Amino acid sequence: MRFHILTLFPSFFDSPFQSSILGRAVTNGLVDIRLYDIRDYTLDRHRTADDYLFGGGSGMLMKVEPLARSIEAVRENVAQESSVEASQRAPVILLSPQGRVFSQAIAEELAVQEDIVLICGHYEGVDQRVREHLATDEISLGDFVVTGGEAAAVVMVDAVSRLQAGVVGDPQSVALDSHSSGLLQHPQYTRPRSFQGWDVPDVLLSGNHADVERWRRQQSLLRTLQRRPDLLARATLSKDDVKFLAEHGYSGLDGTER
Ligand SMILES: C[S@@+](CC[C@H](N)C(=O)[O-])C[C@H]1O[C@@H](n2cnc3c(N)ncnc32)[C@H](O)[C@@H]1O
(Lines give C-alpha, C1' and ligand atoms only; values in the text may rest on other atoms or scores of the structure.)
Protein backbone atom coordinates (compact mmCIF):
# COMPACT_ATOMS: atom_id res chain seq x y z
CA MET A 1 0.00 0.00 0.00
CA ARG A 2 1.26 3.45 -0.89
CA PHE A 3 0.60 6.70 0.93
CA HIS A 4 1.28 9.93 -0.96
CA ILE A 5 1.52 12.80 1.51
CA LEU A 6 1.35 16.37 0.22
CA THR A 7 2.94 18.71 2.72
CA LEU A 8 4.75 22.00 3.16
CA PHE A 9 6.89 20.38 5.87
CA PRO A 10 8.28 17.02 4.68
CA SER A 11 10.84 16.89 7.51
CA PHE A 12 7.95 16.64 9.99
CA PHE A 13 7.70 12.97 9.05
CA ASP A 14 11.36 11.99 9.52
CA SER A 15 11.05 10.43 12.94
CA PRO A 16 7.52 8.93 12.97
CA PHE A 17 8.05 6.97 9.78
CA GLN A 18 11.49 5.73 10.76
CA SER A 19 10.71 4.43 14.22
CA SER A 20 9.28 1.29 15.73
CA ILE A 21 6.61 -0.79 13.97
CA LEU A 22 5.92 1.73 11.22
CA GLY A 23 9.64 2.16 10.51
CA ARG A 24 9.99 -1.62 10.18
CA ALA A 25 6.97 -1.81 7.88
CA VAL A 26 8.55 0.82 5.63
CA THR A 27 11.94 -0.93 5.66
CA ASN A 28 10.31 -4.26 4.84
CA GLY A 29 8.35 -2.74 1.96
CA LEU A 30 4.95 -3.50 3.48
CA VAL A 31 4.07 0.18 3.41
CA ASP A 32 5.43 2.77 1.00
CA ILE A 33 5.23 6.37 2.21
CA ARG A 34 6.00 9.07 -0.35
CA LEU A 35 6.35 12.70 0.57
CA TYR A 36 5.59 15.49 -1.89
CA ASP A 37 6.86 18.93 -0.99
CA ILE A 38 4.04 21.20 -2.16
CA ARG A 39 6.55 24.00 -2.79
CA ASP A 40 8.08 21.87 -5.56
CA TYR A 41 4.83 22.38 -7.44
CA THR A 42 4.59 26.15 -7.08
CA LEU A 43 4.73 28.37 -10.12
CA ASP A 44 6.94 31.30 -9.07
CA ARG A 45 10.58 31.65 -8.12
CA HIS A 46 9.67 32.39 -4.48
CA ARG A 47 7.90 29.01 -4.27
CA THR A 48 4.74 30.63 -2.96
CA ALA A 49 2.30 28.06 -1.65
CA ASP A 50 0.04 30.32 0.44
CA ASP A 51 -1.55 33.73 0.06
CA TYR A 52 -3.78 36.30 1.74
CA LEU A 53 -7.53 35.80 2.07
CA PHE A 54 -9.86 37.36 -0.44
CA GLY A 55 -12.26 39.57 1.50
CA GLY A 56 -9.68 40.21 4.22
CA GLY A 57 -9.08 38.49 7.51
CA SER A 58 -6.03 37.26 9.36
CA GLY A 59 -3.78 34.40 8.35
CA MET A 60 -2.70 32.79 5.12
CA LEU A 61 -4.44 30.23 2.98
CA MET A 62 -2.86 27.45 0.95
CA LYS A 63 -3.21 28.08 -2.76
CA VAL A 64 -5.08 25.79 -5.11
CA GLU A 65 -2.60 25.60 -8.04
CA PRO A 66 0.37 23.97 -6.22
CA LEU A 67 -1.99 21.43 -4.69
CA ALA A 68 -3.60 20.67 -8.05
CA ARG A 69 -0.16 20.21 -9.59
CA SER A 70 1.09 17.98 -6.78
CA ILE A 71 -2.00 15.76 -7.04
CA GLU A 72 -1.36 15.54 -10.77
CA ALA A 73 2.22 14.44 -10.02
CA VAL A 74 0.92 11.71 -7.71
CA ARG A 75 -1.49 10.48 -10.38
CA GLU A 76 1.30 10.40 -12.98
CA ASN A 77 3.51 8.36 -10.63
CA VAL A 78 0.72 5.91 -9.84
CA ALA A 79 -0.22 5.63 -13.52
CA GLN A 80 3.38 4.78 -14.38
CA GLU A 81 3.90 2.28 -11.57
CA SER A 82 0.43 0.70 -11.58
CA SER A 83 -2.16 1.84 -14.11
CA VAL A 84 -4.16 4.86 -15.18
CA GLU A 85 -7.22 3.27 -13.54
CA ALA A 86 -5.33 2.90 -10.24
CA SER A 87 -4.25 6.54 -10.44
CA GLN A 88 -7.88 7.63 -10.87
CA ARG A 89 -9.15 5.32 -8.11
CA ALA A 90 -6.84 6.65 -5.38
CA PRO A 91 -8.81 8.62 -2.78
CA VAL A 92 -7.57 12.16 -2.23
CA ILE A 93 -8.16 12.95 1.41
CA LEU A 94 -8.06 16.48 2.76
CA LEU A 95 -7.13 16.47 6.44
CA SER A 96 -9.42 18.98 8.03
CA PRO A 97 -11.27 19.66 11.29
CA GLN A 98 -14.39 19.97 9.13
CA GLY A 99 -14.28 16.39 7.80
CA ARG A 100 -15.95 13.18 8.91
CA VAL A 101 -14.36 12.06 12.15
CA PHE A 102 -11.69 9.37 11.81
CA SER A 103 -12.44 6.01 13.40
CA GLN A 104 -11.36 2.38 13.28
CA ALA A 105 -14.15 1.78 10.75
CA ILE A 106 -12.69 4.44 8.44
CA ALA A 107 -9.19 2.97 8.93
CA GLU A 108 -10.59 -0.43 7.84
CA GLU A 109 -12.32 1.18 4.85
CA LEU A 110 -9.04 2.79 3.75
CA ALA A 111 -6.90 -0.28 4.41
CA VAL A 112 -8.13 -1.95 1.19
CA GLN A 113 -6.85 0.89 -1.03
CA GLU A 114 -3.67 0.49 -3.06
CA ASP A 115 -2.86 4.22 -3.02
CA ILE A 116 -4.05 6.99 -0.72
CA VAL A 117 -3.32 10.68 -1.18
CA LEU A 118 -3.27 12.83 1.95
CA ILE A 119 -3.36 16.64 1.76
CA CYS A 120 -1.91 18.33 4.83
CA GLY A 121 -3.34 21.80 5.32
CA HIS A 122 -1.53 24.50 7.29
CA TYR A 123 -2.08 28.10 8.44
CA GLU A 124 -5.76 28.98 7.85
CA GLY A 125 -6.21 25.80 5.81
CA VAL A 126 -6.77 25.44 2.06
CA ASP A 127 -8.59 27.38 -0.65
CA GLN A 128 -12.19 26.16 -0.85
CA ARG A 129 -11.62 24.94 -4.43
CA VAL A 130 -9.28 22.23 -3.11
CA ARG A 131 -12.14 20.92 -0.99
CA GLU A 132 -14.69 21.16 -3.79
CA HIS A 133 -12.74 20.03 -6.84
CA LEU A 134 -9.60 18.14 -5.82
CA ALA A 135 -10.32 16.23 -2.62
CA THR A 136 -12.56 13.18 -2.78
CA ASP A 137 -12.90 12.94 0.99
CA GLU A 138 -12.33 15.13 4.03
CA ILE A 139 -11.30 13.55 7.31
CA SER A 140 -10.88 15.03 10.77
CA LEU A 141 -8.95 13.62 13.68
CA GLY A 142 -11.55 14.93 16.12
CA ASP A 143 -13.32 18.03 17.30
CA PHE A 144 -10.24 20.13 17.92
CA VAL A 145 -7.82 22.12 15.79
CA VAL A 146 -4.11 21.41 15.35
CA THR A 147 -1.67 23.64 13.52
CA GLY A 148 -1.26 21.39 10.50
CA GLY A 149 -2.52 18.25 8.81
CA GLU A 150 0.88 16.57 9.27
CA ALA A 151 0.06 15.33 12.78
CA ALA A 152 -3.27 13.99 11.52
CA ALA A 153 -1.55 12.28 8.57
CA VAL A 154 0.84 10.45 10.91
CA VAL A 155 -2.08 9.14 12.94
CA MET A 156 -4.00 8.01 9.86
CA VAL A 157 -1.01 6.36 8.19
CA ASP A 158 -0.27 4.51 11.41
CA ALA A 159 -3.86 3.32 11.98
CA VAL A 160 -4.27 2.16 8.37
CA SER A 161 -0.78 0.61 8.10
CA ARG A 162 -1.20 -1.60 11.15
CA LEU A 163 -4.13 -3.26 9.38
CA GLN A 164 -1.84 -4.39 6.54
CA ALA A 165 -0.80 -8.04 6.69
CA GLY A 166 2.59 -8.48 8.34
CA VAL A 167 2.87 -4.99 9.87
CA VAL A 168 1.88 -6.09 13.38
CA GLY A 169 3.47 -9.43 14.29
CA ASP A 170 0.32 -11.14 15.58
CA PRO A 171 -2.83 -10.35 13.54
CA GLN A 172 -4.92 -11.70 16.42
CA SER A 173 -3.75 -8.84 18.63
CA VAL A 174 -5.04 -6.31 16.07
CA ALA A 175 -8.43 -8.02 15.95
CA LEU A 176 -8.67 -7.89 19.74
CA ASP A 177 -7.70 -4.24 20.14
CA SER A 178 -10.17 -1.67 21.37
CA HIS A 179 -12.63 -0.62 18.64
CA SER A 180 -11.71 -3.49 16.26
CA SER A 181 -14.18 -5.70 18.07
CA GLY A 182 -16.60 -2.83 18.68
CA LEU A 183 -15.73 -2.83 22.40
CA LEU A 184 -12.91 -1.42 24.51
CA GLN A 185 -10.21 -3.92 25.36
CA HIS A 186 -10.08 -5.68 28.75
CA PRO A 187 -7.36 -4.79 31.32
CA GLN A 188 -3.95 -6.37 30.66
CA TYR A 189 -1.06 -7.22 32.99
CA THR A 190 2.52 -8.42 32.76
CA ARG A 191 5.13 -9.42 35.37
CA PRO A 192 5.55 -8.98 38.30
CA ARG A 193 2.49 -10.71 39.77
CA SER A 194 2.50 -8.25 42.62
CA PHE A 195 3.90 -4.73 42.87
CA GLN A 196 3.55 -2.68 46.06
CA GLY A 197 0.55 -4.81 47.00
CA TRP A 198 -1.11 -4.26 43.61
CA ASP A 199 -1.93 -7.79 42.53
CA VAL A 200 -2.71 -9.30 39.17
CA PRO A 201 -6.24 -10.83 39.24
CA ASP A 202 -6.08 -14.53 40.29
CA VAL A 203 -8.00 -15.72 37.25
CA LEU A 204 -5.17 -14.66 34.93
CA LEU A 205 -2.75 -16.86 36.86
CA SER A 206 -5.15 -19.82 37.08
CA GLY A 207 -4.09 -21.47 33.81
CA ASN A 208 -7.77 -22.07 33.03
CA HIS A 209 -8.12 -20.79 29.49
CA ALA A 210 -11.94 -20.77 29.44
CA ASP A 211 -12.09 -18.78 32.70
CA VAL A 212 -9.50 -16.32 31.39
CA GLU A 213 -11.48 -15.80 28.17
CA ARG A 214 -14.77 -15.32 30.06
CA TRP A 215 -13.12 -12.80 32.43
CA ARG A 216 -11.62 -10.87 29.53
CA ARG A 217 -14.91 -10.69 27.67
CA GLN A 218 -16.78 -9.54 30.77
CA GLN A 219 -14.12 -6.93 31.62
CA SER A 220 -14.29 -5.69 28.08
CA LEU A 221 -18.08 -5.34 28.32
CA LEU A 222 -17.85 -3.65 31.72
CA ARG A 223 -15.17 -1.21 30.61
CA THR A 224 -17.18 -0.28 27.53
CA LEU A 225 -20.32 0.12 29.61
CA GLN A 226 -18.50 2.40 32.06
CA ARG A 227 -16.49 4.48 29.60
CA ARG A 228 -18.19 4.34 26.21
CA PRO A 229 -21.74 3.02 26.51
CA ASP A 230 -22.46 4.56 23.10
CA LEU A 231 -20.32 1.81 21.51
CA LEU A 232 -22.59 -0.95 22.83
CA ALA A 233 -25.41 -0.04 20.48
CA ARG A 234 -23.23 -1.03 17.48
CA ALA A 235 -21.29 -3.94 19.01
CA THR A 236 -21.90 -7.58 18.14
CA LEU A 237 -23.15 -9.13 21.37
CA SER A 238 -24.03 -12.70 22.31
CA LYS A 239 -26.98 -13.64 24.54
CA ASP A 240 -24.51 -14.08 27.43
CA ASP A 241 -23.11 -10.60 26.79
CA VAL A 242 -26.59 -9.09 26.82
CA LYS A 243 -27.45 -10.90 30.06
CA PHE A 244 -24.16 -9.80 31.68
CA LEU A 245 -24.70 -6.18 30.68
CA ALA A 246 -28.29 -6.21 31.93
CA GLU A 247 -27.05 -7.57 35.29
CA HIS A 248 -24.71 -4.58 35.45
CA GLY A 249 -27.40 -2.06 34.92
CA TYR A 250 -27.33 -1.47 31.19
CA SER A 251 -30.83 -0.82 29.95
CA GLY A 252 -30.06 0.13 26.35
CA LEU A 253 -30.49 -3.38 24.90
CA ASP A 254 -33.69 -5.05 23.84
CA GLY A 255 -32.28 -8.49 24.70
CA THR A 256 -31.98 -9.77 21.14
CA GLU A 257 -28.76 -11.27 19.85
CA ARG A 258 -27.12 -9.35 17.00
C1 LIG B 1 -5.21 25.68 11.87
S2 LIG B 1 -5.91 24.46 10.84
C3 LIG B 1 -7.09 25.38 9.91
C4 LIG B 1 -8.46 25.35 10.48
C5 LIG B 1 -9.48 26.05 9.61
N6 LIG B 1 -9.26 27.46 9.61
C7 LIG B 1 -10.88 25.75 10.12
O8 LIG B 1 -11.34 26.46 11.01
O9 LIG B 1 -11.48 24.74 9.69
C10 LIG B 1 -4.66 24.12 9.69
C11 LIG B 1 -4.68 22.72 9.12
O12 LIG B 1 -4.48 21.78 10.14
C13 LIG B 1 -5.14 20.57 9.82
N14 LIG B 1 -6.04 20.23 10.93
C15 LIG B 1 -6.38 21.01 11.97
N16 LIG B 1 -7.21 20.37 12.80
C17 LIG B 1 -7.43 19.16 12.26
C18 LIG B 1 -8.20 18.03 12.64
N19 LIG B 1 -8.95 18.04 13.74
N20 LIG B 1 -8.17 16.94 11.86
C21 LIG B 1 -7.42 16.92 10.73
N22 LIG B 1 -6.66 17.94 10.32
C23 LIG B 1 -6.66 19.05 11.07
C24 LIG B 1 -5.88 20.79 8.51
O25 LIG B 1 -5.12 20.24 7.46
C26 LIG B 1 -5.97 22.29 8.45
O27 LIG B 1 -6.04 22.75 7.12
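1. Strand S6 (115-120) is covered on both faces: Asp-115, Val-117 and Ile-119 are buried on one side, and Ile-116, Leu-118 and Cys-120 are buried on the other. Buried here means under 20% relative accessible area, exposed means over 50%, and partly exposed is anything in between, with a 1.4 Å probe and protein chains only as cover. Helices (H or I, at least four residues) and strands (E, at least two) are DSSP runs, numbered from the N terminus.

2. A quick word on what you are looking at: this is a predicted model, in which local features need pLDDT of at least 70 and side-chain atom pairs count only at pLDDT 80 or more, while totals for chains, interfaces and linings use all residues. Residues are numbered from 1 along each chain as its sequence is written, and side-chain values use heavy atoms, with hydrogens and water left out.

3. Now to the neighbours of S6. Strand S1 (residues 2-7) pairs with S6 in the parallel sense over five bridges, and Phe-3 has Ile-116 as its bridge partner in S6. Strands count as paired if DSSP finds at least two bridges between them. S5 also pairs with S6 in the parallel sense, over four bridges. Within that pairing, Leu-94 stands opposite Ile-119, and Leu-95 has Cys-120 as its bridge partner.

4. S5 has a further partner in S7: the two run parallel and are joined by five bridges. If you want a place to start looking, Arg-100 has Ile-139 in S7 as its bridge partner.

5. The ligand site is worth a careful look. Of the 20 residues around the ligand, Leu-95, Gln-98, Glu-124, Leu-141 and Phe-144 come nearest; a residue is near if one of its heavy atoms lies within 4 Å. The shell divides into nine nonpolar residues, ten polar and one charged. In that count, Ala, Val, Leu, Ile, Met, Phe, Trp, Tyr, Cys and Pro are nonpolar, Asp, Glu, Lys and Arg are charged, and the others, Gly among them, are polar.

6. An oxygen atom of the ligand is 3.4 Å from a polar backbone atom of Gly-149. Taken alone the ligand exposes 580 Å², and the protein buries 84% of that; the areas come from the Shrake-Rupley method with a 1.4 Å probe, and for residues only the protein chains shown count as cover. The elements that give two or more residues to the shell are strand S5 (92-101), strand S7 (137-140) and helix H6 (149-161). S5 gives the most, with four residues.

7. Some backbone geometry deserves a check by eye. Most residues other than glycine have a negative phi, and most peptide bonds are trans. Arg-47 has a positive phi near 55°; Arg-47 is found in the loop between strand S2 (32-37) and strand S3 (50-52) and is partly exposed, with a relative accessible area of 34%. Tyr-123 also has a positive phi, of about 55°. Tyr-123 is in the loop between S6 and helix H5 (128-134), and counts as partly exposed at 38% relative accessibility.

8. There is a cis peptide bond as well, joining Arg-191 and Pro-192, with omega about 5°. Pro-192 is found in the loop between helix H7 (171-176) and strand S8 (194-195).

9. On the overall layout, the domain assignment of the chain gives domain 1 (2-161) and domain 2 (178-247). Those bounds come from an automatic or database domain assignment. The C-alpha centres of the two domains lie 37 Å apart.

10. Arg-214 is partly exposed, with a relative accessible area of 45%. The C-alpha atoms of Arg-214 and Val-203 are separated by 9.9 Å, and the two residues are eleven apart along the chain.

Conventions
A polar contact is a pair of N or O atoms within 3.5 Å; within protein, one must be able to donate a hydrogen and the other to accept it, and residues adjacent in sequence count only if both atoms are side-chain atoms.
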